[in-house]
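Please open the structure in the viewer and keep the selection tool at hand.

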Amino acid sequence: MLSPTSENNIKKNRLHYDKHYAKIDISKILEIVNNVEVYLDEVTVIDTSWVCMYSGRFREQLKGKRILELGCGNCHNVAVMAALGAEVYANDISDKSGEIIEALNEKVNFNFPIKYINGDFLKIEMLFNDFDLVVGKAFLHHLTHEQENAFIKKIVTFLKPEGGARFVEPAVNNLFLDNLRWMVPVPGRPSSLCKKKFRKWQEKDPHPVRNNSSSHYRALGDEYFKQIIIKPVGSLERFHRFFPKSKWNRKFRFYAFKAEKLLPKHLKSEMARTQTIIYNFPLKG
């Protein structure tokens, strides 16, 4: 049984994303599915979460694989993986994600229709224990550490011996940069310098205050997997937020991802905005 803090976090996430995903228009997802290769060619060199999720020729590894996506959210990644030939199962705390998947299956003739698993993942009894992969795109950082540990422990039981997990999460490896980030206001979030407004926003925010460092995710993986690979990303790309409305913003991001490969390893880690977390070969029993 989870603590009251974790249970409250579940409720907060459900309410937030039921409201958020109710606005999803599947026409955009259908356009992505119908042009999936062209879409991936663009976003995997510019958009951080896609750069991370599809790094290392991940696209070519999906066909015929049984994959579970946790926190499937707006279902864009679920639809992309299914369009690439994967047998995809999906779960989210919001029932709205299930409605999106139902609509997609009606409109698209996937090789394997996407299967939605409704409800709280920790309370679900799965039918299979032979998944090739479990993925999450900006998912783990929505969980308390207690929830996260329970999720990973359960994930391991569903994987093949040679299976693994892949997550894309924020990277907080430098507290100075992180504090600076909170000081800069963005739409919907006030500056941390405005303490009362920031505290009020934080009370409603579905992200718990927690550790998102690479060292934390490495230690987590060490408990449950034989191989852990952490790839920090976005050390230069993060600065695109200083000019969000500029017409050359996307071009800056493209070249930033290329240029950061030349940075020393420690600097890339310290300055990273995001990270790809790869866990391989589950430790069972």
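Select Arg250, which is partly exposed, with a relative accessible area of 33%; buried means under 20%, exposed over 50% and partly exposed in between, with a 1.4 Å probe and protein chains only. The model is predicted, so local features need pLDDT of at least 70 and side-chain atom pairs count only at pLDDT 80 or more, while totals for chains, interfaces and linings use all residues. Residues are numbered from 1 along each chain as its sequence is written, and side-chain values use heavy atoms, leaving out hydrogens and water.

Glu42 lies in helix H3 and Arg250 in helix H11, 208 residues apart; helices (H or I, at least four residues) and strands (E, at least two) are DSSP runs, numbered from the N terminus. Glu42 is itself partly exposed, at 41%.

Proceed to Asp130 and Arg66, a salt bridge with its closest N and O atoms 2.7 Å apart. Asp130 is in the loop between strands S3 and S4 and Arg66 in strand S1, so the pair ties together parts 64 residues apart in sequence. Arg66 is buried at 14%, whereas Asp130 is partly exposed at 30%.

Finally, select Lys96 and Glu99, whose salt bridge has its closest N and O atoms 3.9 Å apart. Being three residues apart in helix H6, they are separated by about one helical turn.

Terms used:
A salt bridge is a side-chain nitrogen of Lys or Arg within 4 Å of a carboxyl oxygen of Asp or Glu.
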